[in-house]
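The exercises below are meant to be worked through with the sequence and the model side by side.

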Amino acid sequence: MARPSIDFGQTAGDYARHRPGFPPQFYERVRGYGVGIAGQEVLDVGCGTGTLARGFAQRGCRSTGLDPSPEMLLQAQALAREEALAVGYVRSWAEQTPFSEASFDVMCAGQCWHWFDRARAATEAHRLLRAGGRLVIAYFTYLSDPGTIGHASEELLLRYNPGWPAAGSDGRFPMFADELSPAGFGSIDSF
């Protein structure tokens with residue numbers, strides 16, 4: 001398996017130490033969509049250090065994390081062991097997994113969907129999900145509302161990188177929803 005052009009494995013230890021993952025409110029919110037119910041089979045693609053896989057395992061799901069970086073997977077395994085969680089990990093790409101059709105109830109991607117060949121990843125997600133399955137694309141990001149630390153941080157960033165294309169973002173990516181429909185996804189929601 002070839003190394004990705006941007007190799008997050010070189011900073012896997014930093015991700016494990018400094019990126020805690022999604023807050024409990026995220027899991028409460030997606031539960032309202034039927035995601036994260038005990039007993040569900042969950043695949044966390046681009047799992048990195050496995051924050052979503054572990055979060056769903058803590059809620060009684062059978063979780064599997066998938067990532068192309070062996071260093072990230074080693075960190076994910078160590079963190080799952082520390083929490084005494086049974087999470088499986090597989091080295092592979094989101095666009096072409098080793099799993100059989102209709103293997104999962106939920107497929108999730110946290111902080112990473114933009115790195116994928118999104119059309120291929122969406123097609124693979126549709127193949128992997130059982131009838132009624134859910135795809136969750138999650139980003140935990142700042143908002144640049146005036147008067148916030150996010151706004152001040154963005155002003156500083158723009159001082160040194162004035163052409164930064166994500167300036168002013170509200171944390172939503174409407175193009176992702178548009179790209180999911182051709183793969184067979186319907187009832188797309190964003191929050």
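Helices (H or I, at least four residues) and strands (E, at least two) are DSSP runs, numbered from the N terminus. The model is predicted, so that local features need pLDDT of at least 70 and side-chain atom pairs count only at pLDDT 80 or more, whereas totals for chains, interfaces and linings use all residues. Residues are numbered from 1 along each chain as its sequence is written, and side-chain values use heavy atoms, with hydrogens and water left out.

**Exercise 1.** Find the element that holds Thr-64, and decide whether Thr-64 is buried or exposed.

Solution. Begin with the element: Thr-64 sits in strand 2. Next take its relative accessible area, which is 14%; buried means under 20%, exposed over 50% and partly exposed in between, with a 1.4 Å probe and protein chains only. Thr-64 is therefore buried. Finally look at its contacts (heavy atoms within 4.5 Å): leaving aside neighbours within four places in sequence, Thr-64 touches Val-42, Leu-43, Asp-44, Ala-53, Gly-88, Val-90, Phe-99 and Phe-104.

**Exercise 2.** Describe the largest nonpolar core and state which element gives the most to this core.

Solution. A nonpolar core is a set of buried Ala, Val, Leu, Ile, Met, Phe, Trp, Tyr and Cys residues joined through side-chain atoms within 4.5 Å. The largest one has 22 residues, and those touching the most other members are Leu-43, Val-45, Met-107, Trp-113, Phe-116, Leu-135 and Phe-185. At least two residues each come from strand 1 (41–45), strand 4 (104–110), helix 5 (118–128), strand 5 and helix 7, and helix 5 gives the most, with four residues. A second, separate core of 13 residues includes Tyr-27, Leu-52, Val-106 and Val-136.

**Exercise 3.** Characterise the lining of the largest pocket by its elements and its residue classes.

Solution. A pocket is an open set of points on a 1 Å grid over the protein atoms alone, where a 1.4 Å probe fits, with protein on both sides within 12 Å along at least five of seven lines; lining residues have an atom within 4 Å of a point. The largest pocket has 36 lining residues, and nearest its centre lie Val-136, Ile-137, Asp-189, Ser-190 and Phe-191. Helix 2 (24–31), strand 5 (129–138) and helix 7 (174–180) each supply at least two lining residues, with the largest share, ten residues, coming from strand 5. By class, the lining divides into 23 nonpolar, eight polar and five charged residues, where Ala, Val, Leu, Ile, Met, Phe, Trp, Tyr, Cys and Pro count as nonpolar, Asp, Glu, Lys and Arg as charged, and the others, Gly among them, as polar.
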